[in-house]
Amino acid sequence: MRSVLPLLFSLCAVLIVAALSLSLGARVIPVADIWRALTDFDPARPADLIVQGLRLGRTLTGFTCGAALAVAGLLMQQISRNPLADPGLLGVNGGASLAVVLCLWTGVAGGPVALGLVAMAGAGLAALLVFAIGGGKAADRAAILRLTLAGVAISALALALVSAIVLLDQGTRDQFRFWTIGSLGGANPERFNVLCWPVIAGVGLALLLSRKLDALALGHAGARAVGVRAGPVLLLGLGAVALLSGASVAMIGPVGFIGLVVPHLVRRLVGPQVMAGVLVAVPLGGAVLLACDTLGRVLVRPAEIQTGLILALAGGPCFLLLIGRLAR
């Protein structure tokens with residue numbers, strides 16, 4: 001019962017924010033016109049073209065990526081028992097974006113399927129490196145610090161390599177800006193149609209692992225005592241993180257702070273249970289990303305502020321609050 005009300009609240013929130021995302025922008029479209037465009041599309045009506053041709057795909061992409069990043073953050077915090085774990089802070093997004101930019105620069109792959117696979121491979125490799133360097137199996141404060149520092153180091157290395165690519169080839173400058181800031185402005189329906197499936201698979205895998213991930217909260221020795229082998233669960237959890245983060249990065253670029261902040265909100269609402277957390281994180285993460293994207297389109301219209309910048313401005317203070325809370 002405790003998780004039912006938060007789930008209903010999150011679903012209502014994402015529906016409201018999605019309606020605002022379809023309505024607001026350079027041109028405001030009334031809700032009645034949005035409903036007509038969705039149920040009775042007529043290409044002769046400009047509002048229908050805006051809703052169906054531009055904003056619907058952007059809204060679906062934003063919801064999917066927000067949900068993916070929220071669940072990925074929840075998994076990383078559960079696996080590492082680190083409240084500061086996040087796909088951005090622990091280098092996973094950086095590894096995915098570096099892999100994508102390398103492919104775009106070299107011309108090895110450019111299609112949505114290839115980019116998605118490359119991004120997921122980069123995310124998975126970065127996650128393995130961070131946990132190998134930082135000692136993800138430990139549970140003390142020193143291990144948490146090592147894990148965070150390893151993630152910062154991997155992120156810095158990825159950013160340095162991406163910057164080097166830009167210096168070598170000025171033609172990749174626009175792609176560099178996209179993959180380092182993150183934006184829904186380049187949402188591509190073809191890419192979404194392909195990459196939404198890894199997100200669905202990642203969420204499904206998180207739900208399947210939920211009870212075993214709950215056992216990991218007891219520590220690796222405690223998990224073994226209740227019959228859970230920590231190694232396979234850890235690898236499968238990292239696989240889910242790679243699917244979720246890699247697909248999200250391939251769609252909109254590396255977007256930070258959702259995977260850090262939303263899991264803390266989720267645990268306040270439903271407690272530490274992973275299954276309930278995943279179910280609430282999906283709509284809540286989507287609502288947060290869509291809200292930031294809509295705000296970026298409204299503040300300076302007809303221009304827009306990239307979603308990653310809005311999230312950085314909002315997430316930075318939240319990060320400082322979390323650090324202060326942990327210090328106390």
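## A residue in helix α5

At 48% relative accessibility, A121 counts as partly exposed, because that label covers the range between buried (under 20% relative accessible area) and exposed (over 50%), using a 1.4 Å probe and protein chains only. You'll find A121 in helix α5, residues 112-134. Helices here are DSSP runs of H or I with at least four residues, strands are runs of E with at least two, and both are numbered from the N terminus. Although A121 and G239 sit 118 residues apart along the chain, their C-alpha atoms are separated by 9.5 Å.

Before going on, here is some background. This is a predicted model, where local features need pLDDT of at least 70 and side-chain atom pairs count only at pLDDT 80 or more, while totals for chains, interfaces and linings use all residues. Residues are numbered from 1 along each chain as its sequence is written, and side-chain values use heavy atoms, with hydrogens and water left out.

## The whole chain

So what is the chain built from? Its secondary structure comes to 14 helices and zero strands. Of the 328 residues in the chain, 51% are buried. The accessible surface is about 14,700 Å², and carbon and sulfur atoms own 71% of that; such areas come from the Shrake-Rupley method with a 1.4 Å probe, and for residues only the protein chains shown count as cover.

Now for contacts, meaning heavy atoms within 4.5 Å. Take the contacts with a separation of 6 or more: 75% of them involve residues 24 or more positions apart.

## Where α2 meets α3

Helix α2 (residues 31-39) packs against helix α3 (residues 46-80) at an angle of about 80°, with the axes 8 Å apart. That makes α2 roughly perpendicular to α3, a label for angles of 65 to 115 degrees. The axes are lines fitted to C-alpha atoms over the stretch in contact, and angles run from 0 to 180 degrees between N-to-C directions.

Which residues do the touching? From α2 come D33, I34, R36, A37 and L38, and from α3 come D48, V51, Q52 and L56. This group splits into five nonpolar, one polar and three charged residues. Here Ala, Val, Leu, Ile, Met, Phe, Trp, Tyr, Cys and Pro count as nonpolar, Asp, Glu, Lys and Arg as charged, and the others, Gly among them, as polar.

## Salt bridges

Side chains of opposite charge can pair when their charged atoms come close. A salt bridge needs a side-chain nitrogen of Lys or Arg within 4 Å of a carboxyl oxygen of Asp or Glu, and the structure holds six of them. One of these joins R58 and E304, at 2.8 Å from N to O. This pair links distant parts of the chain: R58 belongs to helix α3, E304 lies in the loop between α13 (274-299) and α14 (307-327), and 246 residues separate them. R58 is buried, at 11% relative accessibility, whereas E304 is partly exposed at 36%.

R297 and D293 also form a salt bridge, with their closest N and O atoms 3.4 Å apart. They are four residues apart in helix α13, so about one helical turn separates them. Both R297 and D293 are buried. Salt bridges link R58, D293, R297 and E304 in a network.

## A buried glycine

G259 is in helix α12, residues 258-270. Is G259 buried or exposed? It is buried, with a relative accessible area of 3%. G259 and G73 are 186 residues apart in sequence, yet 3.9 Å apart in space, C-alpha to C-alpha. Leaving aside neighbours within four places in sequence, the contacts of G259 include L69, A70, G73 and P87.

Terms used: Angles under 35 degrees count as roughly parallel, over 145 as roughly antiparallel, 65 to 115 as roughly perpendicular and the rest as oblique.
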